[in-house]
Structures are given as C-alpha cells and as structure tokens.
Amino acid sequence: MLKNKKILVTGGAGFIGSNLVRRLLNEGAEVFVLVRKSSNLWRLDDVKEKLKLCVADLADELSLKNLIQEIKPQGVFHLGATTIMRGVISEPEMIEKVNVEGTKNLIKALGDIDYDFFINTSTYSENSSDDYAKSKRKATDFCTDYAKKKQKPIVTLRIFTPYGPYIQKGRLVFQVLTKSMRNENIEMSSPDTMRDFIYIDDLIDLYITLSNRARENAGEAFNAGFGVLTSLKEVANTAIAITNSQTKVIWGALPKLSYDFVAVADITKNAEKLGWKPKVNFEEGIQKTYKWLKDNLHRYE
C-alpha cells in the first residue's frame, strides 16, 4: 500500500527513523526525510541518493507549513523529538517546543491534505513526571483529540526499549555490547531493573502495519514492546556470553533513571486490531545486534 506514495518521515536520520526509511524504500515509497541543519546523516549515507532530504525545523510553523503544502505527503511517520538517554537531556523549553508544539505544527500544516495516516511516536513512560515524558503525553493527547474531532487517521505508538542496527551510541544495549567486546568494565544501576525490549525489525513491522490500518483506528494508541520483561542482569549476562568477554559488571555505579520502573507492554490490542505480534526474542535480537556492531562499529568513531 506504500508503493509510489509520498511518505514523510521526521526524525529519519535517527536510530529508528533510519531503519524505517530503508523499509519504506524497499516498499517502493517516495520518501521525504525532514532533517535539521545540524542533523548527522551518517545512518543514511548508503541511501541518501534515493531520498528527498528536506531541511526544516518543527518549531518553525510557517516554513513547515510551506514545505508540507509543497510535498503534500500521503502519509507521515512522526519520529522527530528531543533526545532522551543517560547523560543527554534537553532543556525543558526545548522539549516543549519540539515535542509538543512541533507535533501540533506538523499536524496543522497538513491542513486539508487527504493523507492516509499520521503515526505519532510516544514513549511507554509518558505518564511519569520528567519533562520529556510529560511532553510526549501532551503530544499524544493532542493527537487523540485532533483525530477524533477532525476525523483524521492519526494514531500513536508508545515505544518501549528498542535496540538493533544503527542504535544510538549511549543506549544500554550499545554500551553493554561494545564494552563487552572490548573487555571493559560495565557500569550499571541495579541488576533487578526490568525493561521491555523490542528488536528494531519488529518495531518497523508495527509501524508499517499500523500505517495500513490508521483510518479504522483513528485516535488510538498502541504499545510497541515485546510484552516480556528482561532484567539488566540478563542483558549483561547475555552480552558477556555472546561476546565471550572477560568484562565485569559494576552494579550500583550508576543511578536509576526516571524511566527505570517496571513497565511491560500490553500488546493484546495489537494482535486483536492489527494482527501484529513480535517475532524476535531478546537473545536472538541481541545476537543480531552484536553481529551488526562487529561490522559497523567504525561508523560511530
């Protein structure tokens, strides 16, 4: 259903976005990627010639509207947001400006364009108290209300903990695998901390599936996880085993993060309404990630 259609991706230069862009190209879509002037495009190096890169700022309402009206996309995957991971936190004003106002600007810029879907990206922690989570909740609420009032095919994905090829340098799985590969000590918070990990291929499948079913699920939100909890101890032990490493884990060396609370994705609705279930369990997914990192670690240097 995506073949030959104009599809806009915000955040397309990031971890999830770059994987999504490749899938869209394979589906035969005409892909437009919204990037900032400061965006690092290394994840798109091998496919840049097949894309239409559009430099714009989500917070610039007028220029964004002009760009959208020029493209007239038939579908939008909205992944553009401020970064959230250990040690990288944007200022509250920037978080509000990009995550909330930027989402509103993008949806309003579409105006009367007859688009097939708008997939908003949120987080499983959107009910917690930190600025990033609150901004994502506001954006989700706006998307839900707008979809129902205007009868627009807008849906939201609440993403749990993704991992896989092109993962960000500071992410947990990246840190654990690369330090294991180098036999460096791994500093972590608590071995009992649990997360719901979803492999990137499963996540991209969910994005595509939801894009095809957006009209009948307008205003809905779906959880993007595997539906199983994995402890940080299991993560570390798995990484050390597959890399045959001599590294040691120093527990308690790092504080817990605001989103380090027990939360497992309820994906019942995904199966019932979308016919989607994840396929790649954590052990298989981390093996795939390790294999990719071995061949591509130089890209992060």
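The model is a predicted one, so local features need pLDDT of at least 70 and side-chain atom pairs pLDDT 80 or more, while totals for chains, interfaces and linings use all residues. Residues are numbered from 1 along each chain as its sequence is written, and side-chain values use heavy atoms, with hydrogens and water left out. Lys 104 is partly exposed too, at 23%. Glu 101 and Lys 104 form a salt bridge, with 3.9 Å between the closest N and O atoms; the term covers a side-chain nitrogen of Lys or Arg within 4 Å of a carboxyl oxygen of Asp or Glu. Both sit in helix α3, three residues apart, so about one helical turn separates them. An α-helix has 3.6 residues a turn, so residues three or four places apart point the same way.

**Lys 273 pairs up with Glu 220 in a salt bridge, closest N to O 3.8 Å.** Lys 273 belongs to helix α8 (residues 268-274) and Glu 220 to the loop between α6 (200-212) and β13 (221-224), so the bridge ties together parts 53 residues apart in sequence. Helices (H or I, at least four residues) and strands (E, at least two) are DSSP runs, numbered from the N terminus. Both partners are partly exposed: Lys 273 has a relative accessible area of 33%, Glu 220 one of 26%. Elsewhere, salt bridges with shared partners link Lys 5, Asp 114, Asp 116 and Arg 215 into one network.

**Lys 5 and Asp 116 join their side chains in a salt bridge, 2.8 Å from N to O.** This one links distant parts of the chain, 111 residues apart: Lys 5 is in the segment before β1 (6-10), and Asp 116 is in the loop between α3 (92-110) and β7 (117-123). Lys 5 is partly exposed, at 21% relative accessibility. A search of the whole structure turns up 16 salt bridges.

**The largest pocket holds about 1,300 Å³ of space.** A pocket is an open set of points on a 1 Å grid over the protein atoms alone, where a 1.4 Å probe fits, with protein on both sides within 12 Å along at least five of seven lines; lining residues have an atom within 4 Å of a point. Of the 48 lining residues, Leu 79, Ala 81, Thr 82, Thr 83 and Gln 168 lie nearest the centre. Elements that supply at least two lining residues each include α1 (15-26), β2 (30-35) and α4 (131-150).

**Lys 97 lies in helix α3.** At 45% relative accessibility, Lys 97 counts as partly exposed. Leaving aside residues up to four places away in sequence, Lys 97 touches Ala 59 and Gly 102, contact being heavy atoms within 4.5 Å. From Lys 97 to Ser 135, 38 residues apart along the chain, the C-alpha atoms are separated by 9.1 Å.

**Helix α9 (residues 282-296) reaches 20 Å from its first C-alpha to its last.** That is close to the 21 Å expected for its 15 residues at 1.5 Å a residue, the expected span being 1.5 Å times one less than the number of residues. Among its buried residues are Phe 282, Ile 286, Tyr 290 and Trp 292. The cover over the buried residues of α9 includes β9, α5 (172-181) and α7 (232-242).

Conventions
Buried means under 20% relative accessible area, exposed over 50%, partly exposed in between (1.4 Å probe, protein chains only). Grid points are joined across faces, edges and corners, and a volume is the space filled by probe spheres set on the points.
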